[in-house]
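Hello,

Here is the structure I said I would pass on. Please open it first, then read the notes below it.

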Amino acid sequence: MSPSKHASSFAEISLSALKENLRQVQIQAENTPILAIVKANAYGHGAVPITQFLSQQKDKIKMFGVAFFEEGLALRSAGIRDPILILTGCMPEQIPDMIAEELTPVIFDVQTLEAINTAAIKQEKPVKIHLKIDTGMGRLGIRPEAVRAFMLKVLSCPSVTLEGILSHFAEADLKDLSFAQKQLSRLQTILEDFTDKGLNVPYCHLANSAGIFQLKSAQLDCVRPGIMLYGYSPLEEAIPHKLTPIMQVKARIITLKTVPKGTPISYGRTFITKRKSRIATVAIGYADGYPLSLSNRGMMIAKGKLVPVTGRVCMDMCMLDVSDAPPLTIGDYVTVIGSEGSTSMWAQQVASLAKTHVYEILCGIGSRVKRCYV
Ligand SMILES: *Cc1c(COP(=O)(O)O)cnc(C)c1O
């Protein structure tokens with residue numbers, strides 16, 4: 001492991017593990033084309049390097065997906081020319097740049113559709129869009145009953161091509177897939193209607209990672225894995241899988257001291273040592289995405305041994321009781337997320353201790369944590 005010199009904390013990201021996870025997605029998705037989701041800084045892993053790497057796997061990945069226009073622009077600025085889908089669409093003032101940069105918006109209202117058409121005519125540049133349908137998520141998308149009217153509108157916009165139709169699962173991660181099935185069949189009804197009318201849309205897509213794992217029939221023309229690529233299962237109930245987490249987070253011990261029994265640790269004195277203790281102060285805090293909720297709950301790995309977080313997590317630091325760990329020195333790194341030998345503390349485990357889900361832990365890893373790619 002080679003952190004950049006003097007890094008207080010760093011995240012080591014394995015590109016070979018990412019490649020292997022991509023292969024696992026292909027196996028699960030039975031070679032359905034992939035729209036790789038790299039929103040939210042590629043779930044905390046670094047959008048530009050991750051997308052650049054995945055972009056080299058051209059035969060496997062058809063397109064990239066980000067949440068916002070700005071995220072798409074950042075990828076374009078980094079020289080990434082692959083198709084990029086903007087999952088939350090675009091605001092009116094973003095349309096000219098969106099067209100110029102050839103970003104593909106997801107559309108879910110007529111107003112935006114018309115504005116895009118007008119701008120496309122003005123810029124003399126045809127635009128591809130994907131239409132989002134709300135089949136049960138209750139977030140983005142036009143309602144199924146509005147699809148016909150919307151389609152007529154699309155057909156009357158000569159500069160707009162409907163390249164895709166999509167919807168999003170609300171609970172494909174559960175054991176009970178009845179609602180997911182319902183969403184799939186709502187989407188299928190719409191697609192059949194399109195086919196009947198002789199309308200051909202190249203990409204119809206619905207499956208997120210949970211859908212890829214659990215609903216083969218939802219693979220359609222394209223799948224949209226996010227969390228799987230980064231090595232975690234989205235499922236509520238853990239099932240055996242061959243994914244490998246691609247990121248390990250390490251933070252440095254800033255100071256070490258032995259304190260007597262009865263010593264309060266950190267803000268609010270929520271922890272009082274019950275014995276003579278060796279306390280390490282570590283350079284990671286909630287500003288770096290190590291949640292406050294891990295105060296007196298979190299665990300890290302020090303020289304192969306799991307050690308508890310004592311007292312409240314601070315903005316930039318937290319304290320560990322390392323009394324039971326092998327001897328440590330100032331400047332040593334502890335593992336915040338990752339494994340040492342047979343001892344592990346992956347983001348899934350961190351999330352469970354913090355009573356949240358793995359997505360929030362990964363996305364939350366802050367910008368001070370230096371990303372290193374191996
Ligand atoms: C985030 C997102 C995904 C990926 O979800 P995972 O559970 O991480 O696989 C897919 N589709 C849409 C629309 C999303 O917003």
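**Cavity, pocket and ligand**

The lining of the largest cavity is made up of nine nonpolar residues, one polar residue and one charged residue. Please keep in mind that the model is a predicted one.

Which residues form that lining? They are Val 249, Ile 284, Asp 288, Gly 289, Tyr 290, Pro 291, Val 336, Ile 337, Val 350, Ile 361 and Ile 365. Searching the whole structure gives one cavity of 30 Å³ or more.

Next is the largest pocket. Its volume is about 850 Å³, and 37 residues line it. Those nearest the centre of the pocket are Lys 39, Tyr 43, His 168, Asn 208 and Tyr 359. Sorted by class, the pocket lining holds 19 nonpolar, ten polar and eight charged residues.

Where does the ligand sit? The ligand is in the largest pocket. Around the ligand there are 14 residues, and the nearest of them are Lys 39, Tyr 43, Ser 209, Ile 227 and Tyr 359. This shell consists of six nonpolar, four polar and four charged residues. Lys 39, Tyr 43 and Tyr 359 are named both among the residues nearest the pocket centre and among those nearest the ligand.

- Tyr 43: a polar atom of the side chain is 2.5 Å from a ligand oxygen.
- Tyr 359: an N or O atom of the side chain is 2.7 Å from a ligand oxygen.
- Gly 226: a polar atom of the backbone is 2.9 Å from a ligand oxygen.

In two of these pairs, those of Tyr 43 and Tyr 359, the protein atom belongs to a side chain, whereas for Gly 226 it belongs to the backbone. On its own, the ligand has 390 Å² of accessible area, and the protein covers 92% of that.

Regards

Methods. Residues numbered from 1 in each chain as written. Predicted model: local features only at pLDDT ≥ 70, side-chain atom pairs only at ≥ 80, totals over all residues. Heavy atoms only, no water. 1 Å grid on protein atoms, 1.4 Å probe; cavity = no way out; pocket = protein on both sides within 12 Å on 5 of 7 lines; lining within 4 Å. Points joined across faces, edges and corners; volume = space filled by probe spheres on them. Nonpolar A, V, L, I, M, F, W, Y, C, P; charged D, E, K, R; others polar. Near = heavy atom within 4 Å. Polar contact = N/O pair within 3.5 Å; in protein donor to acceptor, adjacent residues only side chain to side chain. Areas by Shrake-Rupley, 256 points an atom, 1.4 Å probe, with all protein chains shown as cover. Sits in = over half its atoms within 2 Å of the grid points.
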